[in-house]
Amino acid sequence: YQNACNAARRFEHVQVVDSLNLSSAQGLIVMEGAELAQDQTLDEVQIAQRLREIVPKVDGSFVLEDLEYLRKGGRIGRVASMLGSVLNLKPIISCDADGAYYVVSKARGRVKSIAETVALALKQVQGNAKYCIAVANGSAREEAAKLAQELRQRLPDAQLFLECEVSPALGVHTGPGLLGIGVQVMEG
């Protein structure tokens, strides 16, 4: 983000918006920006302002197959990684209001952690008539397809439903087996 801000200073008509999120949740904000850019009555400042208003309405959570890659990347310590592996704990991770990782909850085992991640998404859309969903995976295509199918059945009124793979930049920290759900709650 800081590099983008530094680069933007060199150009006219460039605005930078911090999504305070990752992967699929970030993608929902990008899709909204692309749609806003089609509106000929809005300039880049107005589009950026609208995106900044959307950021708090977008959230994403993800679960990992293994904590080893977080340990190798320095995101968690060796003891936490070892305890998590021994106890088969799978943290559900999100980004806080400042864009920093935090553990939303923990579940024992892969199946329970995915179910908990789905429950978080369902809770986020509860009571909202309009919402968008994104499912991300990191070398977990089959599980992601099942997850997407479940979410399409449970959330059939999504205005937009995206499926994507995480970038190598994120995948290097999470390793294979990442599953994530991004949710954008919309007004109306």
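Good morning. I begin with a pair of helices: the axes of helix 6 and helix 7 come within 12 Å of each other and cross at roughly 35°. Please keep in mind that the model before you is predicted. The crossing of these two helices, helix 6 and helix 7, is right-handed. On the side of helix 6, the contact is made by Arg-110, Ile-114, Val-118 and Leu-122. Helix 7 contributes Glu-143, Leu-147, Glu-150, Leu-151 and Arg-154. By class, the residues of this contact divide into 5 nonpolar and 4 charged, with no polar ones.

Let us stay with helix 7 for a moment. Which residue meets Arg-141 in a salt bridge? The partner is Glu-165, and the distance from N to O is 2.6 Å. Arg-141 lies in helix 7, residues 141-154, whereas Glu-165 belongs to strand 5. The two residues are 24 apart, and the pair links distant parts of the chain. As a general point, side chains of opposite charge can pair when their charged atoms come close. In the whole structure, a search finds 5 salt bridges.

In general, strands of a sheet pair through backbone hydrogen bonds, either parallel or antiparallel.

Strand 2, residues 89-95, and strand 3 run in the antiparallel sense and are joined over 7 bridges. Within this pairing, Pro-91 has Lys-106 of strand 3 as its bridge partner, and Ile-92 stands opposite Ser-105 in strand 3. The two strands, strand 2 and strand 3, form a hairpin with 5 residues between them. In the turn, Gly-99 has a positive phi of about 85°.

What packs on this sheet?

Finally, I come to a second pair of helices. Helix 2 and helix 3, residues 44-54, pack at an angle of about 150°, with their axes 10 Å apart. Angles over 145 degrees count as roughly antiparallel, and helix 2 and helix 3 are therefore roughly antiparallel to each other. Helix 2 passes helix 3 in a right-handed crossing. The residues in contact include Ile-29, Gly-33 and Leu-36 of helix 2, and Ile-47, Leu-51 and Ile-54 of helix 3. By class, this contact has 6 nonpolar, 1 polar and 2 charged residues.

Thank you for your attention.

Note on methods
Residues numbered from 1 in each chain as written. Predicted model: local features only at pLDDT ≥ 70, side-chain atom pairs only at ≥ 80, totals over all residues. Heavy atoms only, no water. Pairing = 2+ DSSP bridges. Helix = DSSP H or I, 4+ residues; strand = E, 2+ residues; numbered from the N terminus. Axes fitted to C-alpha atoms, helices over the stretch in contact; angles between N-to-C directions. Parallel < 35°, antiparallel > 145°, perpendicular 65-115°, else oblique. Left-handed = near helix turned anticlockwise from the far one by under 90°. Contact = heavy atoms within 4.5 Å. Nonpolar A, V, L, I, M, F, W, Y, C, P; charged D, E, K, R; others polar. Salt bridge = Lys/Arg side-chain N within 4 Å of Asp/Glu carboxyl O.
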